[in-house]
Every structure is written in structure tokens, then in C-alpha cells.
Amino acid sequence: MLVKAEPERESSPEEYFCCVNRCHEVLPSRQDLENHCANEHKEQITSNSLLSKVLTGFSCPLCKRSFSNQSMLESHIRTQTKRNYICCNCGNKYATRESLMSHEKRHAVRSVTFSCEICDARFREKRTLNIHIRRDHEKILPEACPSCEKRFVTTGELRMHIKLKHLKHPWKCTTCQSAFATKQLLQKHTKTHTDERPFECKYCPKTYRHAPDLKRHEMVIHLGEKPFRCELCPASFVRNRDLQLHMTVHTGKKFYTCSICSFSTNNSKKLSIHYQEEHL
């Protein structure tokens, strides 16, 4: 007598990976994964939920991150249980070879830089150089903000813009009433309430609260490096945003324009003051 064999049941995954960006926590069960996300990433999940409502995409049920189509969402969900590429330096696991290779570059000593052939700006990664070329020289900005007219090269830049400009800020300062969109911005702000200035210049006694301020000081004062150059005059700048601000001298176009009258300015606070004084 023949007995029909029962189909093999799929075994449960032995590891569950947190799918929140930049978290590498590995959990033994789905329930542990859900508890981890609820306890450790509450603010990020809340922020992702708000972004999902704005972007109206396909949303991950665990981390609430939104995607533009069902295929990308399914690929993201698979990373919660399938990560077969292991970093030999730190042991972190990744779902694709490309993700692993991108991660491993951070372990290497990055002495090589990529230079822009148009303005000589230098970058540590070729991807960043390509974004710079598309944004600053080719003006290719495919990602549009649904709440305002600003456009961006990547979805990452668009997400950060929406988070900073259009969503509620959950990270609140305990010393003053300020609130911020990210934990990093809150930490940076908190230093303004102390006298701590841990970043010291290698060339003079100057000290700074933040590493980017020190870097700009050394580039301008001691090294004379200003990689962002104006195409219409000899002016050059340390930061791209300073170049963009300078370009308004040539174009006459302002960053911020009143929606009621013809007032325009390059300072968002001045626009707010104008609106309160003239139109409220």
C-alpha cells in the first residue's frame, strides 16, 4: 500500500534582521524582532509612517518605510530573514553582494578621491560625485517634493527634505523649547548649551563645537581650499550652499518668495517675519 508523503514544511528562519536603516541587530524570533523595533526605533517608525502618508507608496508593516512599487517592498521585506553576505571585518550580514561591497569600502583607508572635471570638487565616493554632477551641473532632479516645488537627485535627499521641512519634529531639547527632526540634529543642538569645544585646529589654537566647522576653518584659513567655483566670476566657496547663495547675485532669483506679494529673500526667517508683519 502506497502512502502519500507529506510535503516538507518550510523551516522557520533562525535569524531575523532589523530592517530599520543602519541597524544591524539580529533577533532569534519574529516576535523579538517586532519588540526590538517597537522599543528601539519608535521615533524612526513614527517618522516613516508620516513619510508614507506624504509619499503614498507601498509601506513595510514593520518599519513603515515606503517604497515606490510592490517589487521593491517585497525585496525589502526579504532582508528581514535572508542575508547571505557577511562582512569579514565586522560580521554584519547583507542581503546583496552590492550592499556588502558598499559597506566594506567603509573599512578601507579611503585615500583615493574622485574629482569633478567641471569644477574640481573632490569626493570620497564615486556615487557622491555622480550625484554632485547631476544636481549641480546637469540639473537633473527627478525626485519632486509633493508639498513644495523643491526637487532632488535621490529619494534619500527627498526623504530627508520632507522630514526636516514638512513633518513634526519628535526630538525635543530638555533645556529649551527647540525640537528637531532627527536625533543627530538634537545632539548637535545640545552642544550649544555647553562650553564644550572638543575639535581643535591642527594649525592654530582655535577650537570648535562641531567637526564640520573645524574642517571649514582649516580649508579656508590654513589650506586655501575652496572647491566650489562660480562659473560666471572668479569667486569660490568651501560649501556648495554658499555657491548657490552667491549665484543669486548673478541670476537675481531668490530662494524664498512670498505667495501673497512680490517679496523675496534668501533667508527663510526673513520670509516668516515678512509674512507675520505684512499678512497676518
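Which side chains meet in a salt bridge at 2.4 Å, N to O? They are those of Asp 213 and Arg 216, where a salt bridge is a side-chain nitrogen of Lys or Arg within 4 Å of a carboxyl oxygen of Asp or Glu. This is a predicted model, in which local features need pLDDT of at least 70 and side-chain atom pairs count only at pLDDT 80 or more, while totals for chains, interfaces and linings use all residues. Residues are numbered from 1 along each chain as its sequence is written, and side-chain values use heavy atoms, with hydrogens and water left out.

Asp 213 and Arg 216 both belong to helix H8 (residues 211-223), 3 residues apart, about one turn of the helix. Helices (H or I, at least four residues) and strands (E, at least two) are DSSP runs, numbered from the N terminus. Asp 213 is partly exposed, at 26% relative accessible area; the term covers values between buried, under 20%, and exposed, over 50% (1.4 Å probe, protein chains only).

Arg 216 is also touched by Arg 239, which contacts Phe 228 as well, not counting residues up to four places away in sequence; contact means heavy atoms within 4.5 Å. Arg 239 sits in the loop between S16 and H9.

The buried residues of H9 are Asn 240, Leu 243, His 246 and Thr 248. They pack against helix H5 (126-137), strand S15 (228-229) and strand S16 (236-237). After H9 comes Gly 252, with a positive phi near 80°.

The structure holds 5 salt bridges. In one of them, Arg 135 meets Glu 157 at 2.7 Å, N to O. Arg 135 lies in helix H5 and Glu 157 in helix H6, so the pair ties together parts that are 22 residues apart in sequence. Arg 135, Asp 136 and Glu 157 are linked in a salt-bridge network. Another salt bridge joins Glu 15 to Lys 93, with the closest N and O atoms 2.8 Å apart. Glu 15 is in the segment before strand S1 (16-17) and Lys 93 in strand S6 (residues 93-94), 78 residues apart.

Helix H6 (residues 155-165) also meets helix H2 (residues 42-55): their axes come within 10 Å and cross at roughly 105°. Axes are lines fitted to C-alpha atoms, for helices over the stretch in contact, and angles run from 0 to 180 degrees between N-to-C directions. Gln 44, Ser 47, Leu 51, Val 54 and Leu 55 in H2 meet Leu 158, Arg 159, Ile 162 and Lys 163 in H6.
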